[in-house]
Amino acid sequence: MNRMEAEFSNLVKAYRKRHMGKGPERVTTTFCKCWAICEMAGNLSPVEKFMAKTGDGRQMLRTARTEMVKEMYRDHPPVEMEELLGAKFVQLFVDIDIEQDLGMSVFVFDQDLEKKFGGK
């Protein structure tokens, strides 16, 4: 990660902690075109890990974790991220693998972040 990708990762972690009560333990960000692609590990709380022991629990957590996160960003636009990047947040795509406790978020912005910040 370059410096801007690392700073973006820190903002994602802080944003999730502020709005969800727990942020991921590790976030790795890669800028690709107008996307900030974030890989997140260590997302689940101890209670969620307990719930994930059953198939129904895993499905409920996956739905809650994906839909809740998208709604959270709609209700609380990521102003700090926009200020850091000097770009407007457009859309968010989210998925999580409950069994591996790995999540992916693809933030879409109105500018080519890879060109702007040099990518990798």
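Buried means under 20% relative accessible area, exposed over 50% and partly exposed in between, with a 1.4 Å probe and protein chains only. The model is predicted, so that local features need pLDDT of at least 70 and side-chain atom pairs count only at pLDDT 80 or more, while totals for chains, interfaces and linings use all residues. Residues are numbered from 1 along each chain as its sequence is written, and side-chain values use heavy atoms, with hydrogens and water left out.

A salt bridge is a side-chain nitrogen of Lys or Arg within 4 Å of a carboxyl oxygen of Asp or Glu, and by this rule the count is eight. The table lists some of them.

| Pair | N to O distance |
|---|---|
| Arg3 and Glu7 | 2.2 Å |
| Glu80 and Arg18 | 3.1 Å |
| Glu99 and Arg58 | 3.5 Å |

Glu99 is in the loop between β3 (89-97) and β4, whereas Arg58 belongs to helix α3 (residues 55-75), so this pair ties together parts 41 residues apart in sequence; helices (H or I, at least four residues) and strands (E, at least two) are DSSP runs, numbered from the N terminus. Arg58 is partly exposed at 25% relative accessible area, and Glu99 is exposed at 67%.

Ser105, placed in strand β4 (residues 102-109), is buried, with a relative accessible area of 0%.

With a disulfide taken as a pair of cysteine sulfur atoms within 2.5 Å, the structure holds zero disulfides. The sulfur of Cys34 lies 8.5 Å from the closest cysteine sulfur, that of Cys32, which is too far for a bond.
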